[in-house]
Amino acid sequence: MIEVAHLTKRYGAQTAVDDVSFRCTPGTVTGFLGPNGAGKSTTMRMICGLTPPTGGHATVAGRPYRQLPNPGREVGILLDASAQHPGRTGRETLALAAQLLRVPSSRVGELLTCVDLPSSAARKRVGDYSLGMRQRLGLAQALLGEPRALILDEPANGLDPEGIFWMRGLLRDFADRGGTVLLSSHLLREVEAVADRLVMIGNGRVVAQGAKDELLSGAGMRVRALDPAALRAALATAGLSASPADGGALLVDAEAEAVGRAAATAGVVLLELQPGRARGLEEMFLSLTNGTTAPEGTAR
Amino acid sequence: MTVTAPARDTPAVATASHSPVPLWRLTAVELRKMADTRSGAWLLAVVALLAVAVVTVLSLTADARFDFGGLLGPTVLPAAVLLPVLGVLSVTSEWSQRATLTTYALVPRRMRVAAAKVLAALALAVLAYAACLLATAAALPFAGGPDPWHLPAAALGKAGLFLVVNVLLGVAFGMVLLNSALAIVLYFVLPIAWSILGEMVTALSGPAQWLDLSVTSGLLLEPVMTGRDWARLGTSVAVWIVAPLALGLIRVARREVK
């Protein structure tokens, strides 16, 4: 549904996006992760034909975006909630889009209800909106043309916790009905809660991508006992390798059952036994976030 | 919670809704966008008020005896001066407010949007002209001289052309500069600069006759225009409207939308 192949964008000597490829399929939510300045927005603008790529190409519904006859009916776009004329009311902003997309004007009211913008707010000018309200308006605009795909850049910015929860539900529901969702974020936790697939980029390059479960698991089991020394001994006896984790816990490269049996055999009292968090992914993400946005990483 | 179903309606409906946005619809949307913002609505209100004020003052002045053609010129002036600002903003406000992110996401063919903006500006000029004609006609019983309904076809056409030229000038400036403040300031300052420079530098007074659009377009409000006058108007239109518009179209087509 959304296909990105070797997209590259250079500004002079600086490479903002470097050979990025991924695809988003119907029925899934793809989280596009990366620190600020990693190239997420540039990639999304290239998908939408707003920024000409230096190399590579992207298609939406099998065609380059600019060749879609009426793109708003195919894919809903929200690239920047603040990019609206401040002197127009929220309702008028939607009404204009409805006129362009040739959807009945009754849909404007439906969508205002859907994104929880009361009519008092819809009558206000967008310049007076909070960022959260602009995100809701932008989402309504993206949904207006009954698209089969959504491309959203940092849609959770400015939403309160309740709003974030609501948006997750909305996107999940959209994907469960067969829609394709691509959303970006600079927060791993935020995307983790809703995405099926993750594409992580740093300094313009894809550093990891795949199914969320695969990327986040594979880190073994995290286990914590009343007596850590006894637990370590018990695991060694069972032939399981363990490495120390935070909070006095151990990270064991084995199934839960094997760890549980080893502890039971040795009579060790467990306080905690759960899938270990994907430290690899999280550490990678943190290392991307810390300082690697400096230009020397991109200069080649 | 009612969420948009990604599923499609019947294929027939889907096909119809996926046809490209026709140019007339795009033009209608652009025309609406000129009037539905706070600044746009105010500007239109001011133009209407000024036009009514001009008509009223002229018809109440005791010794003023106008015919239709004579009264039409002054009535058109407020629109001719201020509507170009709307033309400028129609283009530039999208870039400065970054609304292009939405506009070009919905209609990726930028030349179509640009064409719609030019057509919308023309439509605006025509609508304003119609309003001016009505206002003038309404005032004639009070302001009219011995032959109040005297309106030569040429005068009717030229006053309308005067308005069109000015509004297009605004769009052209907006498109080549893509910056509201710069384009509006330049639009107002340029005629002043011409007249000052033309007086100070004698060498410029000759070219000014051909290049100062405020002078050459003013010829349209004179009773008679010679062939030379038309040539002067054509020259300044080419320099200040056609050339910037062409350059502006190239800029709009190439500029990265951020």
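Helices (DSSP runs of H or I, at least four residues) and strands (runs of E, at least two) are numbered from the N terminus. With that in hand, we can begin with chain A, which has 11 helices and 13 strands. Chain B, in turn, has 11 helices and 0 strands, so its elements, read from the N terminus, run α-α-α-α-α-α-α-α-α-α-α.

A few words on how to read the model. This is a predicted model, in which local features need pLDDT of at least 70 and side-chain atom pairs count only at pLDDT 80 or more, while totals for chains, interfaces and linings use all residues. Residues are numbered from 1 along each chain as its sequence is written, and chains are lettered from A and ligands numbered from 1 in the order in which they are written.

How confident is the prediction? The model scores ipTM 0.86 and pTM 0.85. For chain B the mean pLDDT (the predictor's confidence in each residue, from 0 to 100) is 87, and 92% of the residues of chain B reach 70 or more. Within chain B, confidence is highest in α2(B), at 96, and lowest in helix α1 (residues 11-17) of chain B, at a mean of 42. Residues 5-16 of chain B have a pLDDT below 50, and this stretch has 10 contacts in the model beyond near neighbours in sequence. Here two residues are in contact if their C-beta atoms, placed from the backbone, lie within 7 Å.

Now for the overall build of chain A. Its C-alpha atoms fill a box of roughly 70 × 45 × 35 Å along the principal axes. Of its 300 residues, 51% count as buried. A residue is buried if 20 or more other C-beta atoms lie within 10 Å of its own, exposed if 12 or fewer, and partly exposed in between, with C-beta atoms placed from the backbone. Of the contacts in chain A between residues at least 6 apart in sequence, 70% join residues at least 24 apart.

Among the buried residues of α1(A) are Lys40(A), Arg45(A) and Ile47(A). Just after α1(A) comes Gly49(A), with a positive phi of about 70°.

Turning to chain B, the C-alpha trace spans about 70 × 45 × 30 Å along the principal axes. Buried residues make up 41% of the 258 residues in chain B. Of the contacts in chain B with a separation of 6 or more, 81% are between residues 24 or more positions apart.

How do the helices of chain B pack? Two packed helices are described by the angle between their axes and the distance between the axes. The axes are lines fitted to C-alpha atoms, for helices over the stretch in contact, and angles run from 0 to 180 degrees between N-to-C directions. α7(B) packs against helix α11 (residues 227-254) of chain B at an angle of about 40°, with the axes 7 Å apart. The two helices α7(B) and α11(B) are therefore oblique to each other; angles under 35 degrees count as roughly parallel, over 145 as roughly antiparallel, 65 to 115 as roughly perpendicular and the rest as oblique. α7(B) passes α11(B) in a left-handed crossing, meaning that the near helix is turned anticlockwise from the far one by less than a right angle, whereas clockwise would be right-handed. The residues that make this contact include Leu168(B) and Phe173(B) of α7(B) and Trp240(B) and Ile241(B) of α11(B). By class, the contact of α7(B) with α11(B) has 15 nonpolar, 1 polar and 1 charged residues. Ala, Val, Leu, Ile, Met, Phe, Trp, Tyr, Cys and Pro count as nonpolar, Asp, Glu, Lys and Arg as charged, and the others, Gly among them, as polar.

A second pair is α2(B) and α6(B), which pack at an angle of about 60°, with their axes 8 Å apart. α2(B) passes α6(B) in a right-handed crossing.Leu151(B) sits in the loop between α6 (110-143) and α7 (153-177) of chain B. Leu151(B) is buried, with 20 other C-beta atoms within 10 Å. The C-alpha atoms of Leu151(B) and Phe68(B) are separated by 5.4 Å, though the two are 83 residues apart along the chain.

Finally, where do the chains meet? The contact takes 39 residues from chain A and 32 residues from chain B. On the side of chain B that touches chain A, the largest share, 5 residues, comes from α5(B).
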